[in-house]
Amino acid sequence: MQRKRPPSIDIPADSPHTIIVSGAWLADLLSDSSIANHLQTQLSLLEKPDDLTWDLSQIGALDYIGAQLLWQTWGKQRPRRINLQEQHLALFQRLEEVVQLSHPISQKIPSLPFGKLGQLSLNFVLHAIGITQLLGQFVLDLARFIRHPSRGPWKEISANVYRTGYLALAITALVGFLIGIVLSYLSGQQLKNYGGDLFIVNLLGVAIIRELGPMLAAILIAGRSGSAITAQLGVMKVTEELDAMRVMGIPVGFRLIMPKVLALALTMPLIVVWTDIMALTGGALSAQWILDMPPGFFLHKLPDAVSLANFWIGLGKGVVFGILIAIIACHYGLRIKPNTESLGQGTTSSVVVSITSVIIADALFAIVFSKIPY
């Protein structure tokens with residue numbers, strides 16, 4: 001029962017310089033905010049605690065949390081007049097030893113030239129080198145796979161094609177269809193004012209097949225499949241599965257990295273075509289509503305409005321975007337440190353860098369193929 005009695009402080013009326021400490025000064029009782037606040041208020045009102053007489057003989061139980069609370073009140077030293085039980089003496093002796101310990105002096109990390117800008121530049125260079133090394137390793141693994149296809153990781157490739165391709169069809173179809181409707185609706189309103197209804201086919205065809213389809217698919221895949229690849233590799237590194245594979249002589253690049261990159265390079269063009277189809281379907285339905293243009297007429301005019309070169313450029317973008325997303329996702333996954341914060345930061349950085357790289361690659365495509373007519 002003594003251990004259940006809450007901690008308390010009493011000052012006898014006949015002896016105002018004596019503090020009687022009683023009850024159980026344990027962490028579970030002191031975690032009660034009402035008890036802790038009441039004690040803190042009483043202790044803070046004491047003037048010159050070191051000059052008072054402290055009677056701790058009626059304490060039923062005392063742990064380090066309770067002793068620490070009294071120790072802080074005493075100014076980190078035992079009062080001159082204190083009545084203490086034998087079994088509680090060791091707690092305060094330990095606190096006295098801790099006070100005398102010297103704190104380690106933190107080493108100041110030398111700052112790089114140009115401060116934060118230098119650090120960012122160094123990180124960019126290190127990431128660029130890491131991604132280039134990973135890309136080189138992928139080429140070597142791919143050459144090994146081509147030389148000995150019977151020993152290749154076919155099951156891993158098949159599983160990654162299913163996860164990054166088939167499972168992504170629903171979200172890419174929905175977003176592509178809605179984007180097609182919105183684009184057709186906004187364009188149709190303007191074209192209708194100038195009597196250029198027929199140009200809706202040219203506008204939607206070129207924009208979706210050459211630019212919007214590949215970009216839209218790449219952004220969705222970077223957010224969905226790229227983050228999943230980074231998280232998967234990060235968890236494998238945290239749980240030391242990657243180290244176990246290396247110890248057993250299993251090449252991580254050949255068994256883990258190459259199947260993911262190869263699968264995404266194969267599925268991305270197909271996802272681009274799928275996104276184009278759904279976006280054009282949404283655009284055709286919206287054109288019928290806005291411009292009273294039948295979907296059959298829309299599809300009939302589409303081959304004349306969009307050259308085949310635009311279709312092949314879109315497929316080429318899909319392959320490049322897929323390799324970029326997979327390589328960057330694997331790079332950040334392999335750099336995950338063994339803590340949950342690093343896993344979250346790595347996944348976020350993977351998505352951001354992937355989308356940024358896709359936009360830069362798309363700009364390069366526009367420059368390289370600028371002479372190919374729309």
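This is a predicted model: local features need pLDDT of at least 70, side-chain atom pairs count only at pLDDT 80 or more; totals for chains, interfaces and linings use all residues.
Residues are numbered from 1 along each chain as its sequence is written, and side-chain values use heavy atoms, with hydrogens and water left out.

Helix α2 covers residues 33–44 and has 12 residues. From its first C-alpha to its last, α2 reaches 16 Å, close to the 16 Å expected at 1.5 Å a residue; the expected span is 1.5 Å times one less than the number of residues. The buried residues of α2 are I35, L39 and L43. Buried here denotes under 20% relative accessible area, exposed over 50%, and partly exposed the range in between, for a 1.4 Å probe and protein chains only. Viewed down the axis of α2, the buried residues fall within an arc of 60 degrees, so they line one face of the helix; the arc is that of the directions from the helix axis to the C-beta atoms. An α-helix has 3.6 residues a turn, so residues three or four places apart point the same way. The cover over the buried residues of α2 includes β1 (8–10), β2 (18–25), α1 (27–30), β3 (53–62) and α3 (64–73), contact being defined as heavy atoms within 4.5 Å.

Under "transmembrane region", an unreviewed UniProt entry lists residues 124–143, 164–186, 198–222, 261–291, 311–334 and 346–369. The positions are given in the numbering used here, feature names are shortened, and such annotations may be inferred rather than shown by experiment. In the model, the chain over residues 261–291 is 100% helix and 0% strand, with the end C-alpha atoms 43 Å apart. Over residues 346–369 the corresponding values are 96% helix and 0% strand, with 34 Å between the end C-alpha atoms.

The structure holds nine aromatic pairs. Rings of Phe, Tyr and Trp (its six-membered ring) pair if their centres lie within 6.5 Å; planes under 30 degrees apart count as stacked, over 60 as edge-to-face and the rest as tilted. The ring centres of F365 and F369 are 5.6 Å apart and the planes lie at 20 degrees, so this pair is stacked. F365 is buried, with a relative accessible area of 14%, whereas F369 is partly exposed at 26%. One aromatic cluster is formed by W54, W71, W74 and F92.

Two buried helical residues were examined individually. T172 is found in helix α7 (residues 169–193) and has 0% relative accessibility. A polar atom of the T172 side chain lies 3.0 Å from the backbone oxygen of L169. Beyond neighbours within four places in sequence, T172 is in contact with L220, I271, W274 and T275. N160, in helix α6 (residues 154–164), is buried with a relative accessible area of 5%. N160 and K260 are 100 residues apart in sequence, yet their C-alpha atoms are 5.9 Å apart. With residues up to four places away not counted, N160 touches G165, P259, K260 and A263.

Exposed loop residues were also considered. R80 is found in the loop between α3 and β4 (81–83) and is exposed, with a relative accessible area of 56%. The C-alpha atoms of R80 and T53, 27 residues apart along the chain, are separated by 7.8 Å. R80 touches D50 and D51, not counting residues up to four places away in sequence.

Most residues other than glycine have a negative phi. E240, which is not a glycine, has a positive phi of about 65 degrees. E240 lies in the loop between α8 (199–238) and α9 (241–247) and is exposed at 53% relative accessible area. D292, also a residue other than glycine, has a positive phi near 60 degrees. D292 lies in the loop between α10 (252–291) and α11 (295–305) and is exposed, with a relative accessible area of 64%.

How values were computed:
Helices (H or I, at least four residues) and strands (E, at least two) are DSSP runs, numbered from the N terminus. A polar contact is a pair of N or O atoms within 3.5 Å; within protein, one must be able to donate a hydrogen and the other to accept it, and residues adjacent in sequence count only if both atoms are side-chain atoms.
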